[in-house]
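Subject: A structure for you to look through

Dear colleague,

I am handing over a structure for you to read alongside this message. Please open it first, and then go through the notes below with the model in view.

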Amino acid sequence: MEELILELKNKILEALKLEDMTPEDIDEDAPLFKDGLGLDSIDALELMLLLEKNYGIKLKSPAEGKEIFQSVRTMAGYVAANRVK
Amino acid sequence: MNRKVYIRAAAQISVQEPLCEDWMLHPRQLSGSFLHCIDPDYKQFFSPMQARRMGLMFKRAMVTSRKVLEASGVECPDAIITGTAFGCIENTERFLDPLCRGGEETLSPTAFMQSTHNTIGSMVAITLGCHGYNCTYSQDGVSFESTLLDAVLQLECGGAENVLAGVHDEITDNVARLMEANESAGYPLSEGSVAMLLAAGDGVPDALCEVSDVRILSRPEAVEEAVAGYRAEYVMRNDVTFSLFGRCGSASGLAVYAAAEMIAAGRYSSVLVVNESGSNAGFVFLKIV
């Protein structure tokens with residue numbers, strides 16, 4: 001799981017163009033939106049895209065992502081359980 | 001109601017030294033087939049979180065816009081009017097390339113949103129919190145003249161007291177290759193951003209110059225007659241403009257910026273910028289305040 005968390009952090013940095021941040025700057029248990037990393041609704045769409053492109057996971061709606069994108073750890077848990085590639 | 005219109009401040013990012021007028025003493029001699037802008041260090045202007053979704057063209061537009069607003073002491077303009085000949089090419093390619101390669105799946109929403117021509121004008125408005133009139137003109141080589149004409153009309157008619165007008169264009173390697181194959185005008189292809197703060201009134205003493213006339217003529221045969229009618233002290237044509245800034249959709253905007261600064265420096269009392277672009281010709285006549 002720790003390996004997947006690191007992989008996700010790197011993919012998030014790349015997809016959201018957080019160029020001056022490193023994986024260590026992201027707390028895997030902190031909220032991704034609002035108070036934590038400060039992401040917004042457009043980022044949620046980019047994260048949905050990230051899951052589809054890299055792990056073959058298609059979310060039906062952004063609302064579904066609310067639970068999954070709570071933190072990098074919840075994302076990693078969902079990817080580990082549902083990935084098709 | 002016909003009020004006089006003035007350029008209070010102007011700023012550029014182009015192939016010359018950006019965000020200053022020092023380059024006018026020793027302009028860079030242009031060479032090569034195409035040139036990118038000389039960009040300032042944008043980390044001075046944007047935090048990483050702010051900058052992450054900004055393409056280069058938006059960064060240039062935002063930095064030049066902020067500079068003219070600061071120079072004019074205007075926090076938020078009454079209107080934002082923007083010109084662009086080709087729009088946001090970088091984001092359009094970023095959106096279209098995966099679409100072609102990936103079979104219309106997994107497309108980036110950010111690149112899609114920011115691929116439209118009015119992205120720049122709307123993003124500047126969102127950033128400044130400007131809810132006023134907002135319009136983008138994409139009229140090939142006379143996009144800037146179309147922008148300026150609308151700005152002058154808004155100001156003359158009292159629709160706005162001040163207008164943030166700009167013209168912004170960028171070039172990518174792909175577009176440069178395509179354009180080079182079709183054109184060989186002797187000047188490098190280029191890109192550039194210009195922002196101007198225009199104001200109306202009976203007198204704006206700190207203005208760079210007055211915008212006396214803006215015209216777009218669609219009769220190439222009538223250009224010389226029109227030029228003679230203005231009786232300008234100096235006529236700035238495409239050959240001078242292109243030798244300073246290269247060939248780009250923003251070229252006439254850059255020429256007007258340079259002309260305004262030359263008038264403000266006392267080099268001329270009036271300048272006519274003539275921009276012959278295909279079957280259209282743009283005329284911007286500037287006078288000393």
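The notes below begin with the conventions, then turn to the sheet, the helices and the contact between the chains.

This is a predicted model, in which local features need pLDDT of at least 70 and side-chain atom pairs count only at pLDDT 80 or more, while totals for chains, interfaces and linings use all residues. Residues are numbered from 1 along each chain as its sequence is written, and chains are lettered from A and ligands numbered from 1 in the order in which they are written.

In chain B, nine strands form an open sheet of mixed pairing, in the order β3-β2-β4-β5-β1-β6-β9-β8-β7. Helices (H or I, at least four residues) and strands (E, at least two) are DSSP runs, numbered from the N terminus, and two strands pair if DSSP finds at least two bridges between them. The edge strands of this sheet are β3 and β7 (234-236) of chain B, each of which pairs on one side only.

Strand β5 (residues 192-201) of chain B is largely enclosed by the rest of the structure, because nine of its ten residues are buried (a residue is buried if 20 or more other C-beta atoms, placed from the backbone, lie within 10 Å of its own, exposed if 12 or fewer, and partly exposed in between). Strand β1 (residues 4-13) of chain B runs antiparallel to β5(B) and is joined to it by nine bridges, with Ala9(B) having Leu197(B) as its bridge partner. Strand β4 (residues 162-169) of chain B also pairs with β5(B) in the antiparallel sense, over eight bridges, and here Ala165(B) has Met196(B) as its partner.

Elsewhere in the sheet, strand β6 (residues 209-217) of chain B is joined by seven bridges to the antiparallel strand β9 (residues 280-287) of chain B, where Val211(B) is partnered by Leu286(B).

Turning to a helix, the buried residues of α5 (residues 119-128) of chain B include Ile120(B), Met123(B) and Val124(B). The buried residues of α5(B) pack against α2 (56-72), β2 (79-83), β3 (133-137) and β4 of chain B. After α5(B) comes Gly129(B), whose phi is positive, near 70 degrees.

Finally, the contact between the chains takes 13 residues from chain A and eight residues from chain B, where two residues are in contact if their C-beta atoms, placed from the backbone, lie within 7 Å.

With best wishes
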